[in-house]
Amino acid sequence: MKNVKKAIEFGTDGWRGVIAQDFTFDNVCVCAQAVADYLKETGLSQPGIVIGYDTRFASENFAEASAEVITGNGIKVYLCDKTTPTPVVSFGILAQKAGGGIVITASHNPPQWNGFKFKNNTGSSASPEVTAKIEKNIDRIVKQGEIARKPVNLAVNEGLLEYVNLDKIYFKQLSKLVDLDEIRKAKLRIAIDSMYGAGCGYFRRLLGGGAIELIEINNVRNPIFPGITQPEPIGANLSQLGSTVKKEKADAGLATDGDADRLGVIDENGNFISTSHIFALLCLYLLEVRGERGPLIKTLTISSMLYSLGELFNVPVYETRVGFKYVAPKMQTENALAGGEESGGYGFRNHVAERDGILAGLYFIDLMIKTGKLPSQLIDYLHSKVGPHYYGRIDIEFEENYRKAIIDTVSSYSPKAIGEITLSGKDSKDGFRFMLADRSWFLIRFSSTEPLLRLYAEGHSKKQVDLLLETAQKLVESVRGK
């Protein structure tokens with residue numbers, strides 16, 4: 001197809017591109033045809049497929065175009081009748097016993113981006129093996145230009161397209177996992193920032209009408225995400241939520257990203273809590289408060305506190321590369337209690353092996369209720385168990401022509417110590433990670449969804465984290481000076 005100008009590649013979670021530049025109707029239709037071919041090749045076409053979409057510009061139109069292609073291949077489509085969070089779509093795949101799912105979303109990317117996620121028949125992110133098959137189909141389709149399409153009205157008339165609202169079955173599922181009535185009765189004030197995304201209104205619909213008070217901000221659709229660089233629930237984007245917490249004297253602030261599969265948390269003082277601490281707290285909640293047991297799965301960018309919790313509660317901890325497409329399969333094979341990544345995505349047993357920012361938020365509120373502790377007190381309690389841990393991340397834009405030089409420079413870097421702590425090891429299984437003898441570390445890796453270089457660090461004091469990040473930043477920036 002001559003209108004497809006750039007290779008379509010799936011990153012840590014689907015394919016993303018700039019709207020009208022890379023993310024075009026032609027390219028989306030190519031992706032949809034590749035998915036249809038994959039479903040037919042693997043015998044997963046008969047149960048049909050669920051298609052959902054977020055609040056970004058024209059997401060519903062891209063979703064409809066995808067539905068036209070899938071139904072054009074004779075495959076049944078369950079198309080969401082409104083913007084729907086990705087975790088709701090993921091659970092909908094299970095509930096419908098579908099062969100898979102498509103979600104039109106760029107998750108946390110800036111407003112000019114959109115994306116195409118494919119979920120497998122378990123509702124989880126497609127594995128690298130699956131996306132490799134889809135990409136192979138894409139290459140063939142681009143060369144041959146064979147795409148089938150069926151107008152929506154015809155598909156509806158022929159019974160190949162059905163509009164669905166998945167909220168009811170999703171709410172019923174959450175009520176099995178956490179006592180919503182107990183949360184509704186809690187005398188708490190919680191500020192909610194939906195970041196103009198697909199999660200708008202979900203906490204209110206789940207918890208409204210009781211004693212708990214919810215203060216909502218950014219709870220309407222606005223595809224330019226005004227006031228924030230991008231709908232990613234990290235400290236830099238949650239200043240308004242922090243101010244709201246302080247102004248309203250709220251007990252905590254919760255934020256979901258653009259498609260609501262990630263969670264960010266602000267404490268009662270208006271301070272952002274690192275995603276590493278939140279995942280460790282959620283694991284502590286499951287292990288200690290609920291008394292559950294099972295393996296924990298972490299990506300290499302998330303905290304070593306998980307290892308301490310594993311030792312404390314005698315459960316194994318497994319590490320994967322970055323991306324839930326690596327976490328989910330490990331969760332399934334190990335029947336893991338929880339899986340988490342540094343981006344704020346957390347998945348849990350007895351649900352979908354996939355990130356769910358809404359369920360994670362409910363679990364966090366329940367943790368506050370069960371322990372009677374505010375967020376800052378929970379951090380102190382966690383540190384009393386695993387020792388003090390601090391975490392930081394810096395994102396740096398880089399020119400593509402520097403990529404090889406950065407890789408060469410970083411891969412050859414091997415100091416004896418950083419500060420006063422001896423370097424104990426390094427690996428390159430996903431970026432370049434440098435481990436110190438006291439279990440502190442820093443990592444340098446290229447984002448697979450944006451033109452960014454990400455620098456991560458964890459240490460036992462803020463001063464140590466600052467030193468590790470400064471070391472990483474100087475190392476990377478030295479390349480530009482050469």
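Student: What makes both faces of β5 covered?

Tutor: In this predicted model, W113, G115, K117 and K119 on one side of β5 are buried, as are N114, F116 and F118 on the other. Buried means under 20% relative accessible area, exposed over 50%, and partly exposed in between, with a 1.4 Å probe and protein chains only. Strands are DSSP runs of E of at least two residues, helices are runs of H or I of at least four, and both are numbered from the N terminus. In a regular strand, side chains alternate between the two faces of the sheet.

Student: Why is strand β5 called largely enclosed?

Tutor: Seven of the seven residues of β5 (residues 113-119) are buried, so the strand is largely enclosed by the rest of the structure.

Student: How do you know which strands pair with β5?

Tutor: Two strands pair if DSSP finds at least two bridges between them. Strand β1 (residues 15-18) has four bridges to β5, in the antiparallel sense, and W15 has F116 as its bridge partner. Strand β4 (residues 101-104) likewise forms four antiparallel bridges with β5, with I104 opposite F116.

Student: What makes the protein chain as compact as a globular protein of its length?

Tutor: The chain has 16 helices and 21 strands. Its radius of gyration is 22 Å, close to the 23 Å that the globule rule gives for 482 residues, so the chain is as compact as a globular protein of that length. The radius is taken over C-alpha atoms, and the rule is 2.2 Å times the number of residues to the power 0.38. Of the 482 residues, 62% count as buried.

Student: Which residues of α11 are buried, and what covers them?

Tutor: In helix α11 (residues 305-313), the buried residues are M305, L306, S308, L309, G310 and F313. Their cover includes α10 (275-289), β12 (296-299), β13 (317-320), α14 (375-386) and β21 (452-459), where contact means heavy atoms within 4.5 Å. After α11 comes N314, with a positive phi near 55°.

Student: What conventions apply to the numbering and the values?

Tutor: Residues are numbered from 1 along each chain as its sequence is written, and side-chain values use heavy atoms, leaving out hydrogens and water. As the model is predicted, local features need pLDDT of at least 70 and side-chain atom pairs count only at pLDDT 80 or more, whereas totals for chains, interfaces and linings use all residues.
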